[in-house]
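Hi,

Here is the structure I promised to pass on to you. Have a look at it first, and then read my notes below.

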Amino acid sequence: MPEGKEEIPLEAVSGMRHGGRTPETAETALRRLSHYLLAHYQKGTRPVRDWRTTTNVAIDLMVYAILSVDEKNQVLTTYIWYRQHWTDEFLRWDPTRFDNLTQISLPVESIWVPDILINEFVDVGKSPHVPYVYVSHHGEVQNLKPIQVMTACSLDIYNFPFDVQNCSLTFTSWLHHIRDINLSLWRQPGAGSLTGVFMNQGEWELLYVLSRFQEFSVKSSDSYAEMKFYVVIRRRPLFYTVSLLLPSIFLMVMDIVGFYLPPNSGERVSFKITLLLGYSVFLIIVSDTLPATAVGTPLIGIYFVVCMALLVISLMETILIVRLVHKQDLQPHVPEWVKRLLLEQATVLLCIRDRKKFSQSRTQSSDISRQVDNNDSTAKLNHYGCEDPRECETVGGARLAAAFAGQAEGSPLMHGVLREITAIRQFLEKREEFRDVAHEWLQVGYVLDVLLFRAYLAAVLAYSITLGTLWSVWRDA
């Protein structure tokens with residue numbers, strides 16, 4: 001040592017926390033320690049003195065936010081707090097020689113860092129750069145950094161919007177075998193899933209984060225260590241229930257209510273067509289909201305298609321009923337098997353109690369209209385003493401034919417009267433036959449309308465109960 005300079009013992013150098021040294025002394029200690037650790041440090045080799053020693057890297061993560069879930073591209077974007085810990089045998093010192101410093105932050109580019117990557121990694125996110133790591137005097141290195149991770153995930157959207165997704169983040173050394181770098185979980189397995197820091201205000205809810213260690217090998221080569229974290233998230237379905245399910249349910253209820261319109265009224269067809277057009281516009285609006293994948297369709301999409309099919313079936317049923325109760329004069333008599341099946345057996349099965357009353361009211365209205373139309377003919381034939389106009393038509397025509405039979409041979413006027421009376425009788429008989437046919441088809445249409453309505457209602461209820469049960473089970477699972 002040069003003369004005139006007094007040697008200062010290392011024991012006299014203490015930290016800011018011990019011994020009341022000045023900040024200049026502490027700063028000098030930090031600089032001396034940093035120079036002491038990095039002067040001859042080689043970051044290109046694994047930091048062990050014996051190459052047979054395995055470097056144990058303990059890792060852990062905390063999910064801070066779910067940024068996006070891309071169902072079409074099967075990509076999950078998360079923001080995690082990543083923690084990494086290992087022992088570097090060349091970064092050890094005696095704290096008493098450096099002012100009792102037990103920790104120091106060093107540039108991450110200046111030391112060896114394990115090549116731990118995520119297997120599911122698909123793109124570089126906008127992660128902030130943390131340039132330093134903490135090193136303790138025992139050589140323990142702590143690398144803490146936030147990472148925006150964009151990973152591939154097999155997203156199952158069949159249960160949308162009550163779906164639960166399970167995505168994995170697999171951390172492994174891309175190059176080193178398990179005998180060089182081994183992985184372990186930093187925290188204890190029973191310490192919880194560390195979901196308390198999660199931003200729980202978005203569309204997705206973090207249920208838990210599970211971890212599992214395993215070894216794998218490629219084509220019987222050396223084994224690699226990997227630590228897999230399972231991030232389990234659940235979608236909040238309230239928004240989709242209000243914007244997708246409730247409007248569809250309201251339209252289906254209005255379609256069911258439309259069956260209470262009179263079957264012989266053309267307004268029901270217009271009402272059903274309006275509902276069908278409204279539902280088509282609704283599907284066009286919500287098509288962008290539904291998740292789209294190339295491998296599957298969510299159940300709610302199938303639900304919308306079935307609802308559309310039910311509306312079409314309802315419209316077809318309405319058109320059939322309107323066809324039966326209108327333009328009956330062009331139809332033949334109701335077949336006997338249809339009468340037995342619908343007017344006898346179906347009425348008992350459907351518990352239609354007012355069928356006879358309906359039939360009587362229709363018969364009375366037909367009689368009233370017939371009497372109004374035949375006032376002139378009835379007045380002319382009443383002097384024959386007939387109460388029933390049809391009887392008067394038949395008997396009166398016969399009596400007139402008999403009375404004027406002798407005179408008709410030489411009188412063209414009598415021949416013309418007889419022809420007119422016969423034509424009137426045939427016309428009335430034909431019109432009465434058409435009215436009977438129309439009345440029969442009206443009864444068939446009424447019973448068939450009730451039958452199809454109840455079958456349609458049973459199908460809608462069964463379909464709704466099945467979907468409601470499935471979605472309730474998936475939501476509470």
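What does R235 pair with? One partner is E71, and their side chains meet in a salt bridge with N and O 3.1 Å apart. R235 sits in strand β11 (residues 223-235), while E71 is in the loop between β1 and β2 (75-87), so this pair ties together parts that are 164 residues apart in sequence. E71 is buried too, at 13% relative accessible area.

R235 also forms a salt bridge with E203, and here the closest N and O atoms are 2.7 Å apart. E203 belongs to the loop between β9 and β10 (204-217) and R235 to strand β11, so the two tie together parts that are 32 residues apart in sequence. Buried or partly exposed: which is E203? With a relative accessibility of 34%, E203 counts as partly exposed. Follow the shared partners and you get one network of salt bridges that joins E71, D163, E203 and R235. As a general point, side chains of opposite charge can pair when their charged atoms come close.

How many salt bridges does the structure hold? There are nine. Another one to find is R46 with D180, where the closest N and O atoms are 3.6 Å apart. This pair links distant parts of the chain, 134 residues apart: R46 is in the loop between α1 (23-38) and β1 (55-70), and D180 is in the loop between β8 (164-173) and β9 (181-185). R46 counts as buried, because its relative accessibility is 14% and the cut-off for buried is under 20%.

Now for the rings. A search of the whole structure turns up 16 aromatic pairs. In one of them, Y64 and W81, the ring centres are 5.1 Å apart and the planes are at 15°, so the pair is stacked. Y64 is in strand β1 and W81 in strand β2, 17 residues apart, and the pair links distant parts of the chain.

Y303 and F304 are both buried. They are also part of one aromatic cluster, together with Y279, F282 and Y463.

Charges and rings meet as well. The charged end of R83 sits over the ring of W186, 4.7 Å from the ring centre. Likewise, K272 has its charged end over the ring of F259, at 3.6 Å from the centre.

Finally, how far can you trust what you see? The average pLDDT for the protein is 77, and 72% of the residues score at least 70. Confidence is highest in strand β6 (residues 132-136), with a mean of 94, and lowest in helix α7 (residues 375-381), with a mean of 41. Two stretches have pLDDT below 50. Residues 1-20 are one, with 23 contacts in the model beyond near neighbours in sequence. Residues 357-396 are the other, with 37 such contacts. Where pLDDT is low, the predicted coordinates should not be read in detail.

Cheers

Note on methods. Residues numbered from 1 in each chain as written. Predicted model: local features only at pLDDT ≥ 70, side-chain atom pairs only at ≥ 80, totals over all residues. Heavy atoms only, no water. pLDDT = per-residue confidence, 0-100. Helix = DSSP H or I, 4+ residues; strand = E, 2+ residues; numbered from the N terminus. Contact = heavy atoms within 4.5 Å. Salt bridge = Lys/Arg side-chain N within 4 Å of Asp/Glu carboxyl O. Buried < 20%, exposed > 50% of the residue type's maximum accessible area, 1.4 Å probe, protein only. Phe/Tyr/Trp six-rings, centres within 6.5 Å; stacked < 30°, edge-to-face > 60°. Lys NZ or Arg CZ within 6 Å of the ring centre and 35° of its normal.
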